[in-house]
Amino acid sequence: AATSLMYAFGSREDTDCEDEPLYAHYLATSPHVYRAYRDEVLAAQDSDGRRVVARLAKLSGGPAEDAASTTTPPKKKRIVFCKHMAKHAAGLDLTELFKSADTHVLLYRDPTRALASYHAAERAETVGRATLDET
């Protein structure tokens, strides 16, 4: 559902979408986590989580005080849709993302459906055995 929602927002001209931008950070800092596609993700994304968070903060228009400033022209109003998994941000300071005047929407997945999804991925051998750390 979250991916479908992201694609729907992505069809808007005023929206930028980021699909799990902290995934490479998670894989780089979690060598014990098996993913069949690990190398591809690490090659395609920036694995420096702090740099990714700083980039995302700039996408959203900056701190709230900038939005109210009379000397700084207001930035074009737009939507930044980031689909994240909380575990991908482990060890990162995300406060920069919440300093803006933006509105954040959090979607939570039904835990029983999430476990069923992990089980299916295990059978397909794209992920290792799901542990409490993985969920």
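This is a predicted model: local features need pLDDT of at least 70, side-chain atom pairs count only at pLDDT 80 or more; totals for chains, interfaces and linings use all residues.
### The overall layout

Let's start with the whole chain. The protein chain contains six helices and two strands, and reading along the sequence gives the pattern α-β-α-α-α-α-β-α. Of its 135 residues, 27% are buried.

### Aromatic pairs

A search through the whole structure turns up three aromatic pairs. One of them is formed by Phe 9 and Phe 81, with 5.4 Å centre to centre and 35° between the planes, which makes it tilted. That pair links distant parts of the chain: Phe 9 sits in helix H1 (residues 2-10), Phe 81 sits in strand E2 (residues 79-83), and 72 residues separate them. Are the two partners buried or exposed? Phe 9 has 26% relative accessibility, so it counts as partly exposed, while Phe 81, at 13%, is buried.

Another pair is Tyr 23 with Tyr 26, at 6.4 Å centre to centre and 20° between the planes. Planes under 30 degrees apart count as stacked, which is why this pair gets that label. Both tyrosines lie in helix H2 (residues 23-29), three residues apart, or about one turn of the helix.

### The loop between H2 and H3

Tyr 23 also has a polar partner. The side chain of Arg 35 makes a polar contact with the Tyr 23 side chain, at 3.1 Å. Arg 35 belongs to the loop between H2 and H3, and with 6% relative accessibility it's buried.

Tyr 34 lies in the loop between H2 and helix H3 (38-44). At 44% relative accessibility, Tyr 34 counts as partly exposed. What does Tyr 34 touch, leaving out residues up to four places away in sequence? Its contacts are Glu 125, Thr 126, Val 127 and Gly 128. In sequence, Tyr 34 and Gly 128 are 94 residues apart, yet in space their C-alpha atoms are 5.1 Å apart.

### Around strand E1

Thr 15 is part of strand E1 (residues 15-19). At 9% relative accessibility, it counts as buried. The Thr 15 side chain makes a polar contact with the side chain of Asp 14, at 3.1 Å. Beyond its neighbours within four places in sequence, Thr 15 contacts Phe 9, Gly 10, Ile 79 and Phe 81. So Thr 15 touches both Phe 9 and Phe 81, the partners in the tilted pair.

Glu 20 lies in the loop between E1 and H2. What about its backbone? Phi of Glu 20 is near 50°, a positive value in a residue other than glycine. Most residues other than glycine have a negative phi. Glu 20 is also buried, with a relative accessible area of 16%.

Here are some of the accessibility values side by side:

| Residue | Relative accessibility | Class |
|---|---|---|
| Arg 35 | 6% | buried |
| Thr 15 | 9% | buried |
| Glu 20 | 16% | buried |
| Phe 9 | 26% | partly exposed |
| Tyr 34 | 44% | partly exposed |

### The largest pocket

The largest pocket has a volume of about 2,200 Å³. It is lined by 50 residues, and the closest to its centre are Cys 82, Lys 83, His 84, Met 85 and Leu 107. Which elements each supply at least two residues of that lining? They are H1, H2, E2 and helix H6 (111-124). H6 gives the largest share, seven residues. Sorted by class, the lining has 30 nonpolar, nine polar and eleven charged residues.

Notes: Residues are numbered from 1 along each chain as its sequence is written. Side-chain values use heavy atoms; hydrogens and water are left out. Rings of Phe, Tyr and Trp (its six-membered ring) pair if their centres lie within 6.5 Å; planes under 30 degrees apart count as stacked, over 60 as edge-to-face and the rest as tilted. Helices (H or I, at least four residues) and strands (E, at least two) are DSSP runs, numbered from the N terminus. Buried means under 20% relative accessible area, exposed over 50%, partly exposed in between (1.4 Å probe, protein chains only). Contact means heavy atoms within 4.5 Å. A polar contact is a pair of N or O atoms within 3.5 Å; within protein, one must be able to donate a hydrogen and the other to accept it, and residues adjacent in sequence count only if both atoms are side-chain atoms. On a 1 Å grid over the protein atoms alone, a cavity is a set of points where a 1.4 Å probe fits but cannot get out, and a pocket is an open set with protein on both sides within 12 Å along at least five of seven lines; lining residues have an atom within 4 Å of a point. Grid points are joined across faces, edges and corners, and a volume is the space filled by probe spheres set on the points. Ala, Val, Leu, Ile, Met, Phe, Trp, Tyr, Cys and Pro count as nonpolar, Asp, Glu, Lys and Arg as charged, and the others, Gly among them, as polar.
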